[in-house]
Structures are given as C-alpha cells and as structure tokens.
Amino acid sequence: MIRKQTSGPARPRSDRATGTGETPAPPWAAFAYLAASIAATVSAGLPDHLNIVWLCFFTAFQVALMSLSVPAAALGTSGRGYVSLDRMSLVAAVLVLGPMPAAWVGGASALIWTLAVDPRCEPWPERVTRGIGNGGMFLIATLAAGTAYEALGGMAPLHNLVLIGFARACVMILVLQAANELLFLPITWSGMSAAARRHPIDWRSTLNELLIGLSGIIAALAFTDLPPLGFGLYVGFVIVIAVLFKYVVGIAVRERGRADELGAVNRVNQAAHSAVGLDELAEVILREAGGLMDFAAFIIGVYHRTTDEIDVRLNYDAGVRHPPNRRKAGAGLLAWTIRHNESVFIRDRRVSRHPAIRDSIVHGRTSVSLIAIPINFGDETVGVMSVQDYRPNAFRPRHLRLLENFAGQIAVAIVNTRLFAELTANQQELETRVAKRTSDLQRLTASLEETMRQKESLVAQLEQENRRDPLTALANRRHLDEALDREMQRARRFRHPLALAMGDLDGFKRINDLHGHALGDDVLDRVAGILRGGVRATDLVARYGGEEFVLLLPETDEDQAVQVCEKLRAAIAEAPWADLDPQLAVTMSFGVTALAKQSQTAAALLAGADDALYAAKRAGRNRVCRSPDAAPPKLKKRQSSP
C-alpha cells in the first residue's frame, strides 16, 4: 500500500531525501479524519465475536509489513509515500475478522507505524498529528471496503473461493483503493501543481496495490485452510519476501544515489573548468546539491583575511534567495569553521555541545541539523560552505563528503576570482597610464584616422559601383568578365560543366518609345528581380548592356541551362506587367551555350550565346535557342532589338 502523509506544516525543502514527494496537510485534516473514524466506529457498533489474539496478530503483521516498506519514488513511479505489502494483510483481515475488527487493525497499525517506525525526521507534535490522520484514514477506508463486502453478501471468515466470492472480494479491494485515494486527495489538492491535478492518480501504483490486494485473498484462504503452524509459516514466508524486496530496493537506491552523486560531481567539475564565475558555479552547486539532499538553507561565503570579513555570495534560506552581503567574521558557525579550518557536522543542535554553536547568534528560525565546511586552497582558508535544515538528523556522512568535494571546486573558483580581480585592477591602472601618455598622440592622429575612414568608405563605394549595375543592382560587365574567367578555369581544371545564357528583352525600344524611359527602367529592374530570384545562389546574373542580360551557370550543362532559361522566359512573360501599364506586355528571348572544349575562350563562349540569341530573335522572339555547333570567333555588335 502507498501510505501518504496527512498532516504537518509545509517545510521549505525538497522531496528527494525521503523519496515521498509529499505535500503535508494542515492538522485540522488529521483531526477531521479522526472524528470521522470515531463516528464510523460508533455507528457500526461492536462485533458479536471478537478474537483479541487474532486482532493483535493481524495488527502486528500489518505493522511488520509497513516497516518493510520502500519509498514509492525508489520504484520509478510517480506515487507519493511508501510502498509495501501491507495491503495483503489488510484485505486478509477483512476476509477473516470482518469489517469492524479489520478497520481497527488498519487504524491501529497506521498509528503505530507512524509514531514508532516511520523513518521521516520531524518534531513529535507533527508526527503525532500525522499518525492520528493516518490512523483515521486507514480505519475509514477499511471500514468502507468491509461494509461494501458485507453488503454484497460476503462472509468472514472466508472458507472457500467460488466465482461469486472472488467477485465480492475484488469489489472490496477496489473500494479500499478508491477510498484510500479519495481520502488522500482533498488534503493535498491545494498544494498540487496544475499538471498533478490533471493526473491525480498514479495508475501504475494503483495497479500494484490491486495486485497486492488480490494476494490478500490467498492469505485469507491460508488462514482458514491451514493449521496455525502452517499459517505461521506462510506469514513468515511473506515477511521474508518483503525483507528481500526491501533489501534489493535498498541496494538499487544506494547505487543510484552513488551514480547521481558522481554525476553531480562531474557536472560541478565541468562547470569549474569551463571558466564560469564564482556566482555561476555557486548556482550550479546549489542546484546539484538540491537534487541529492534535503535542506532548508544553503550558504557559500568568501573569506577575506586582510579585513576578517565573510562575503556571503549565496544565501538561500526557506525558499528565499537573499542578496549578497559582507560582514565581519565575528562568532558563530561560519566564523568557527574558518578559524579552526575544521568541518562541522551536527545532527541535532538542541542536544549538541559542539563549540561552533556555543556563541552563535540566530536570526529568525533556528536550524537544527547543520553542516559547515571550510573551503581551502592549499593551506589557506578562502571561504566556507554550509547546509542547514530545521529537522533533526536531516543529513548523513555521505552528504558531508559530497559537500567537501564541492568545496574543492569552489576554492579554485574563489582563487580565480581573486586573481581576476587583481589582474583587472592592474590592467586598469596600466590602461590609465597608457591613456594619459598617449592622449596627445590620439589628438594628433584623430584627424588622420577620420581621413582614412573616409577614404576607405569612398574606395569601397567606388569598388561597389564598379562591380554593380546602378539601375538593377546586378553584376556589371566588369564583374561578369572576372567571374567568367574564374569559372572557366575551374570548369577546365575539374572537367565540370559550365553553361552561359544571354537574354534580350523583345521590342524594348518600342517600350521606351511608347511608355517612356522611366517605365523602361522599371521594366529592367523588375526583369532583373525575376532573373535573380529564378537562379541559384551560386549562379551569376549580370546586366550585359542596355536590355541584355547574361546568366553564368556553374555545374550546369546545356540541357539544364535551357530548362532554367525556359522557366525564366515563362516567368517574365507571365509577370503582372499591367500594374505598370495596362497595355504593357514584356517578353524575353534567350540564347544558351555551354563550354564544349578545353581550349574554348570566354569570347567564344559569349559569341556562342550571342548567336543562339540571334537565332531566338529570328525564330520569332520569346523563346530559348541553343548555340550552333560552330561558334563564330567573335561576338557580334548589335543595336537594341526592335
């Protein structure tokens, strides 16, 4: 069964140490369940026959199984509390003793376990309050399940198991589980997150409880069918199974804890060697320590020997992150740890006589469990680290060893921070001297630097203008010549394909004559945009002159180039030219050629594209033509196409 905490004030601490993941409920809830259980007992009345011996036996059996429980988190479920086989003994008690005696067994065992066996560390008033609530919850849930079993015609003790009897027992187990969940849910609803409220029941844990409950039917049959010695051996076997289960889970939890600690140490080491600052490393250590141990306060301070001050860089207390502060070492736990260069490990401050807390000045709530560790670099104490909690026995020796490991990394960070501060101070002083001596030189060179900047800006502007067409922002003839020469050399060297296409707007002179040169410029600019957007980033689009454009297509053969030009031709013909002028229509003809010979020159390649373009014009315009087989040696000079 998963037992869940029913009372006690909330503490500012994590849930990892106990593995319960619980949200304590207010004390009124515990006493409300106590009052409800008393009312249920009075209304149910006393049973006709009550065997005190078996009542005590089942109570002891229940407490024994509870004491062999394991944290629910250790099994990898999202359940809260502890998991054990006590649901088996509780179901068996209902089937053997009846509803009311079984309810007493459940309530008494829950109260005894909470007061005497529950491993959680808490003040006795809280433990007593929680024990009352747990006992009341168990009594009410068991009585509800037993009453449902009797209402269905179930008898106690159970002598044989027929189908109808098994069905009654299953209903009783379901009622017991439902009552357990429903009684627990109201007292924790206010402290649950939105995600937890959407899924308040862990179905894997519920299934486990139902399976364990079914084993209680077998225990009840063993009670009625076996002699007392046989039933005693059966109970002993169950307890042995529970002991082995707890032992195996304990080993797994310890190994997982060691793995988690090694992982945390490794992450802190990585943070320390990644040149993070002291404050960043302190945050990493706080996060890693919070995942491995349960604490209310975490403090990291840097000790300045020259001024005898402690610079508290991290002060986390009760869920509140206090701002950094600097104070005299004086007396108290931190100062004693620094002066004696000795770790302090106090399990319970209320009974401890450790000299470190003899003259301590406490502000606010007093911590009960304490660990303080000096942070040493070589033989020098450079700081102090402390974790504290308001519960007794909150820490173990392994927590002390873990924090001592972290302290070594903090020491390196503190020394690095000091060295960096000294280096910064020296650098600032040096910079001041250099600035003072070079101020005159800076004034003399300021005007020269401004002139050089203007010159560089002008040169960059001129270079850009020399390589770009001012109207279309495409590459100009000069840029094309450079790129063509470079791409031809690369194509020859690696024997890769290279294509070149030349395009010319059809009837562009007529467009200028009918619509004006301003609109003609808009047409050229739009065509340039279509060409630029229709090729790859590695291709080059250049304005060759007037209404002529050249496409340089590396890694492209002639067939592929024809396909590219055909798409561009269609895009230009289908562009929304009516938004410039309702009567405007623009088309373009293309001539395509490709590098055919290693000895072919750039002029010959351009001439081949030019001849192909002439062929497209002669064939009726608005089309793409390939170059003839024999390209002329020179590029023809021609006027703008009519």
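How many salt bridges does a search of the whole structure find? The search finds 22, a salt bridge being a side-chain nitrogen of Lys or Arg within 4 Å of a carboxyl oxygen of Asp or Glu. The model is predicted, so local features need pLDDT of at least 70 and side-chain atom pairs count only at pLDDT 80 or more, while totals for chains, interfaces and linings use all residues. Residues are numbered from 1 along each chain as its sequence is written, and side-chain values use heavy atoms, with hydrogens and water left out.

One of the salt bridges joins D504 to K617, with the closest N and O atoms 2.8 Å apart. This pair links distant parts of the chain: D504 lies in strand 10 (residues 498–505) and K617 in helix 17 (residues 602–618), 113 residues apart. Helices (H or I, at least four residues) and strands (E, at least two) are DSSP runs, numbered from the N terminus. Both D504 and K617 are buried, where buried means under 20% relative accessible area, exposed over 50%, and partly exposed in between (1.4 Å probe, protein chains only).

A second bridge pairs R490 with E487, the closest N and O atoms being 3.2 Å apart. The two residues are three apart in helix 13, and therefore separated by about one helical turn. R490 is partly exposed because its relative accessibility is 30%, whereas E487, at 13% relative accessible area, is buried.

E558 and R626 form another bridge, again with closest N and O atoms 3.2 Å apart. E558 belongs to helix 16 (residues 558–573) and R626 to strand 14 (residues 624–626), 68 residues apart in the chain.
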